[in-house]
Amino acid sequence: QQGNEPEHWEKIRSTLGANIRATRLQQNISQERLAEKAGLSRNTIVRAEWGKISLTIERLHDIATALNCSVNNLLVINAQPPQQINWKGGRKSMTH
């Protein structure tokens, strides 16, 4: 949790980040490629995926556009448990 913010904000950031990561991996897009398509730094994508930063609505729109999905899809709370994703883009496989 960051500073004096409401507790639910952390869950929102975490959900959004997991959805960005899951959508990116389903499309076999690297963090670098997503950053390039969205006009952001890779560091911003990494921090967003891990729920470490809040995104402006404009940046969220740019990420959704780069992923060819709606902002709505990235904000939906997925009730399913994390699943293993086999990713061959570099580091070890990730769960989301």
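In this predicted model, helix H2 meets helix H4 through Leu 34, Lys 37 and Ala 38 on the H2 side and Asp 62, Ile 63 and Ala 66 on the H4 side. Four of the residues in this contact are nonpolar, two are charged, and none is polar. H2 spans residues 31-38 and H4 spans residues 57-66; the two pack at an angle of about 115°, and their axes lie 8 Å apart. The crossing of H2 past H4 is right-handed.

| Buried residue | Helix and its residues |
|---|---|
| Thr 44 | H3 (residues 42-49) |
| Ile 45 | H3 (residues 42-49) |
| Ala 48 | H3 (residues 42-49) |
| Glu 49 | H3 (residues 42-49) |

Viewed down the axis of H3, these buried residues fall within an arc of 130°, so they line one face of the helix. Their packing partners are helix H1 (7-26), H2 and H4. Just after H3 comes Gly 51, which takes a positive phi of about 70°.

The protein as a whole contains five helices and two strands. Along the sequence these elements follow the pattern α-α-α-α-α-β-β. Of the 96 residues in the protein, 38% are buried. Among contacts between residues at least 6 apart in sequence, 55% join residues at least 24 apart.

Definitions and conventions
Residues numbered from 1 in each chain as written. Predicted model: local features only at pLDDT ≥ 70, side-chain atom pairs only at ≥ 80, totals over all residues. Heavy atoms only, no water. Axes fitted to C-alpha atoms, helices over the stretch in contact; angles between N-to-C directions. Helix = DSSP H or I, 4+ residues; strand = E, 2+ residues; numbered from the N terminus. Left-handed = near helix turned anticlockwise from the far one by under 90°. Contact = heavy atoms within 4.5 Å. Nonpolar A, V, L, I, M, F, W, Y, C, P; charged D, E, K, R; others polar. Buried < 20%, exposed > 50% of the residue type's maximum accessible area, 1.4 Å probe, protein only. Arc of directions from axis to C-beta.
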